[in-house]
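Here is a friendly briefing to read alongside the model. Please keep the structure open as you go through the topics.

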Amino acid sequence: MTLSAPDITHSPLATSLRTHPCGSLRLTHVGETVRLGGWVHRSRDLGGLVFLDLRDRAGVVQLAFGPDWSDAATLAAAAAVGVESVILVEGTVVARAEAQCNADMPTGEIDVQVTSLRVVGPANTPAFPVAPAKGDKLPAEELRLRHRYLDLRRGELQRNLVLRHHLMQATRRFLDARGFLELETPILTKPTPEGARDYLVPSRVHPGEFYALPQSPQIYKQLFMCAGYDRYFQIARCFRDEDLRADRQPEFTQIDIEASFISRDDILAIAESLVRDLWSVGGIEAPAEFPRMQYAEAMERYGCDRPDLRYGLELHDVTAVFGASELSFVKAAIERGERVRGLRVPGGAVMSRKQTDELEQLAKGAGASGLIVLKRTAEGLDGKVAKFLPDGAAEALGLAVGELGLYVAGPDRIASPALDRVRQAVAQRLDLVPADGHEFVVVTDFPMFDRDPDTGALAAVHHPFTAPHPDDLALLDTAPERARALAYDVVYNGLELGGGSIRISDPALQARIFGLLGIDEATAQARFGFLLEALRSGAPPHGGIAFGLDRIAMLLAGAGSLRDVIAFPKTTAARALFEGAPSPVPPDDLRELSLRVASRSGGDA
């Protein structure tokens, strides 16, 4: 097929091979001669008249081949071309008869009558249909991940990745307009503990020594602040060798932000404005201000630090009511200083015994010894333990007729996560979560430390560079587990979008925190010496926040998994099926790295 040089001045996407993207053609193009390139989406041979749907990332257009405008060779080629083959065509845009218009297609009012066709990328029969029939289920995800290049042709995934692109560009525009510099940090880094296992990379030129892939750019962005680059951001690739879930991947992308000469309120104002911008890209209007809630309040009212505010079901302390009961196991818990807390479920009395037993299993799965279930009927309280409660217990518990009460006795560290799990399950099963709800909250004043109940050792709740709340500095010497941190999370519909903190800029305070964490001076110098030197060289007050870009894209796309918004994701077994990674390494390559692989039996392989 011989093509004359097209006029490409009218379209930034035009090339020497195409004048328009397939999905861009409309009635305004009727009468124009166009050149298109794309994949054969569907084929229909009506005997002498052939229709091909041609697809590119802009959409689908119908090509028409007929004896009145296509020569015999072109018509024969159209009838023979396979689905998913790549073709180049030239033809004229014509309007469809009104009865033949397809309102479900943006290009449904026109056809392209093709005068020439060339197959440039013949395709084998695909492993699964890229364009399944309406109502058909998608193939198994494992098959789609194995042939990811086919899966990525699907309109849903293309829309998701286009949305992800727009979110990244909106982030860059937003932060650039506010004076932030997009600066890169190393991928080959020094192993440092940040709460998860590092991916290690052996050094060939330094046998026996290793780099780590970064869990976050945390230390580097603090170095930027010490160096005077007072506003930094990066759309950063991060790596964590941890167990996977639908919302976790071993490599992920975060919007990383750090700024100097700011307070907590300053960085949160920037963060909230950025979230509003990103949600507008997704077609959702976020509120002008996000409510604030302290960590202690969130745990008391909802049992978790990322509460879903789209529905009620708040927790209540009912220790006094159960303390007056004849339940020996509850009284024993109260005598140990534990509490009884729970929630009231409006209309929950309709739940069956099987359903409440399932809720109890959820509570036990979170560590609770059991779940106390009470129903308020017109006759009074109903439940296994109802007869052991004092008169007037229903009123004291605040249970109205038709309501369900669910309670856990135990220490808060067990009862809170158990009740959180029960609360979420009840809301889902009774359809209490509004489908169009968009509730944000900023949780502040997290604890600085967790104390191991067995060893008594302290661990940083966020990371060891988080600044303590200035009102709690004295507690570092007397009761460090009660000290709050200048840490914060942005939460949306019960999911953490991002978190951050004001950092420690005083090297003496940083050394003090290391000491509380059991990190002696020699260990601190070995692990973090370059940061400590920078702090001693003059460090401004600084802080930041990091948002999970993958999660934001998943939420705004309405996707069910991070894998639906990442081009080449790993499975829950941390495998890249499309390329067969991870894979064994030849022995010669291992020897060059001074490595040997131990067999499962304990010997060398």
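**The barrel and its helix**

- Five strands close into a barrel with mixed pairing, in the order 1-2-3-5-4; strands are DSSP E runs of at least two residues and helices are H or I runs of at least four, both numbered from the N terminus, and two strands pair if DSSP finds at least two bridges between them.
- From one strand to the next, the twist averages 55°; axes are lines fitted to C-alpha atoms (for helices, over the stretch in contact), and angles run from 0 to 180 degrees between N-to-C directions.
- Helix 1 (residues 72-80) packs on the sheet and touches strand 1 (33-45), strand 2, strand 3 and strand 5 (110-121), where contact means heavy atoms within 4.5 Å.
- The direction of helix 1 makes about 75° with that of strand 5.
- Strand 2 (residues 50-56) and strand 3 (residues 59-65) run antiparallel and are joined by seven bridges; within strand 3, Val 60 stands opposite Arg 55.

**How to read the model**

- This is a predicted model, in which local features need pLDDT of at least 70 and side-chain atom pairs count only at pLDDT 80 or more, while totals for chains, interfaces and linings use all residues.
- Residues are numbered from 1 along each chain as its sequence is written, and side-chain values use heavy atoms, with hydrogens and water left out.

**The second largest pocket**

- The second largest pocket holds about 890 Å³ of space. On a 1 Å grid over the protein atoms alone, a pocket is an open set of points with protein on both sides within 12 Å along at least five of seven lines, whereas a cavity is a set where a 1.4 Å probe fits but cannot get out; lining residues have an atom within 4 Å of a point.
- Grid points are joined across faces, edges and corners, and a volume is the space filled by probe spheres set on the points.
- Of the 28 lining residues, His 41, Arg 42, Val 60, Gly 155 and Arg 159 are the closest to the centre of this pocket.
- Strand 1, strand 2, strand 3 and helix 4 (155-177) each give two or more residues to the lining, and helix 4 supplies the largest share, five residues.
- By type, the lining of this pocket divides into 11 charged, 10 nonpolar and seven polar residues. Here Ala, Val, Leu, Ile, Met, Phe, Trp, Tyr, Cys and Pro count as nonpolar, Asp, Glu, Lys and Arg as charged, and the others, Gly among them, as polar.

**Cavities**

- Lining the second largest cavity are Pro 447, Met 448, Ala 460, Val 461, His 462, His 463, Thr 466 and Ala 485.
- That lining has five nonpolar residues, three polar and no charged.

**Helix 5**

- Eight of the nine residues of helix 5 (residues 218-226) are buried; buried means under 20% relative accessible area, exposed over 50%, and partly exposed in between (1.4 Å probe, protein chains only).
- The buried residues of helix 5 include Ile 219, Tyr 220, Phe 224 and Met 225.
- Their cover includes strand 9 (231-239), strand 10 (251-260), helix 15 (521-536) and strand 22 (542-548).
- After helix 5 comes Gly 228, which has a positive phi near 95°.

- Six of the seven residues of strand 13 are buried.
- Strand 13 runs antiparallel to strand 12 (residues 315-317), with three bridges, and pairs in the antiparallel sense with strand 16 (residues 404-410) over seven bridges.
- Leu 343 is the bridge partner of Leu 315 and stands opposite Leu 406 in strand 16.
- Val 350 sits in the loop between strand 13 (339-345) and helix 10 (353-365), and is exposed, with a relative accessible area of 67%.
- The C-alpha atoms of Val 350 and Glu 209 are separated by 62 Å, and the two residues are 141 apart along the chain.

- The loop between helix 16 (549-557) and helix 17 (587-592) contains Pro 582, which a cis peptide bond joins to Ala 581, with omega about 0°.
- Ala 574 lies in the loop between helix 16 and helix 17; its phi is positive, about 65°, although it is not a glycine.
- Ala 574 is partly exposed, with a relative accessible area of 28%.
- Ser 594, in the segment after helix 17, has a positive phi near 60° and is partly exposed at 45% relative accessible area.
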